[in-house]
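Please read the following report alongside the sequence and the model. It moves from one pair of side chains to the fold as a whole, and then to single residues.

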Amino acid sequence: MEILTIDRLSALGHAQRLAIFRLLMRRYPDWVSAGEIGDALACKPSTLSGYLTTLMQAGLITQERRGRSLLYTVAMN
């Protein structure tokens with residue numbers, strides 16, 4: 001399923017989601033834990049989870065589980 005450009009732009013239209021995406025772009029190709037993202041942006045876990053879900057649904061980031069950790073990186077496709 002192809003993600004529309006408008007969906008991606010909409011996902012980035014929120015300041016905190018854009019900050020998450022920018023952080024992941026700076027760290028690419030590394031994977032960053034949700035905890036590290038939350039600490040860097042002073043974001044509560046429940047709020048961060050929603051932001052990360054929106055970015056994943058827009059096809060902008062990818063999630064991987066390693067043990068008990070959820071890691072994120074930019075989806076370069």
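Which side chain meets that of R66 in a salt bridge? The partner of R66 is E64, with N and O 2.5 Å apart, where a salt bridge is a side-chain nitrogen of Lys or Arg within 4 Å of a carboxyl oxygen of Asp or Glu. This is a predicted model, in which local features need pLDDT of at least 70 and side-chain atom pairs count only at pLDDT 80 or more, while totals for chains, interfaces and linings use all residues. Residues are numbered from 1 along each chain as its sequence is written, and side-chain values use heavy atoms, with hydrogens and water left out.

The salt-bridge count comes to 2, and the table gives both pairs with the accessibility of each partner. Here buried means under 20% relative accessible area, exposed means over 50%, and partly exposed lies in between (1.4 Å probe, protein chains only).

| Pair | N to O distance | Relative accessibility |
|---|---|---|
| R27 and E36 | 2.5 Å | R27 29%, E36 37% |
| R66 and E64 | 2.5 Å | R66 43%, E64 29% |

**The fold**

The protein has 4 helices and 3 strands, these being DSSP runs numbered from the N terminus (helices H or I of at least four residues, strands E of at least two). From the N terminus on, the elements follow the order α-α-β-α-α-β-β. The radius of gyration, taken over C-alpha atoms, is 12 Å, close to the 11 Å that the globule rule gives for 77 residues, so the protein is as compact as a globular protein of that length; the rule itself is 2.2 Å times the number of residues to the power 0.38. Along its principal axes the C-alpha trace spans about 30 × 25 × 20 Å, and buried residues make up 31% of the 77 residues.

Strand β2 (residues 61-66) runs antiparallel to strand β3 (residues 69-74), and 6 bridges join them; two strands pair if DSSP finds at least two bridges between them. Within this pairing T62 stands opposite T73. The two strands form a hairpin with 2 residues between them, and G67 in the turn has a positive phi of about 65°.

**Single residues**

R17, in helix α2 (residues 15-27), is buried yet has no salt bridge, and the nearest side chain of opposite charge, D7, is 11 Å away; for charge, Lys and Arg count as positive and Asp and Glu as negative, with His and the chain ends not counted. Leaving aside residues up to four places away in sequence, R17 touches S10, A11, L12, Y51, T54 and L55, where contact means heavy atoms within 4.5 Å.

S33 lies in strand β1 (residues 32-33) and, at 23% relative accessibility, counts as partly exposed. S33 and R65 are 32 residues apart in sequence, and their C-alpha atoms are 9.5 Å apart in space.

Most residues other than glycine have a negative phi, and most peptide bonds are trans. The peptide bond from Y28 to P29 is cis, with omega near 10°, and P29 is found in the loop between α2 and β1. A42 is not a glycine but has a positive phi of about 50°; A42 is found in the loop between α3 (34-41) and α4 (45-57), and at 73% relative accessibility this residue counts as exposed.
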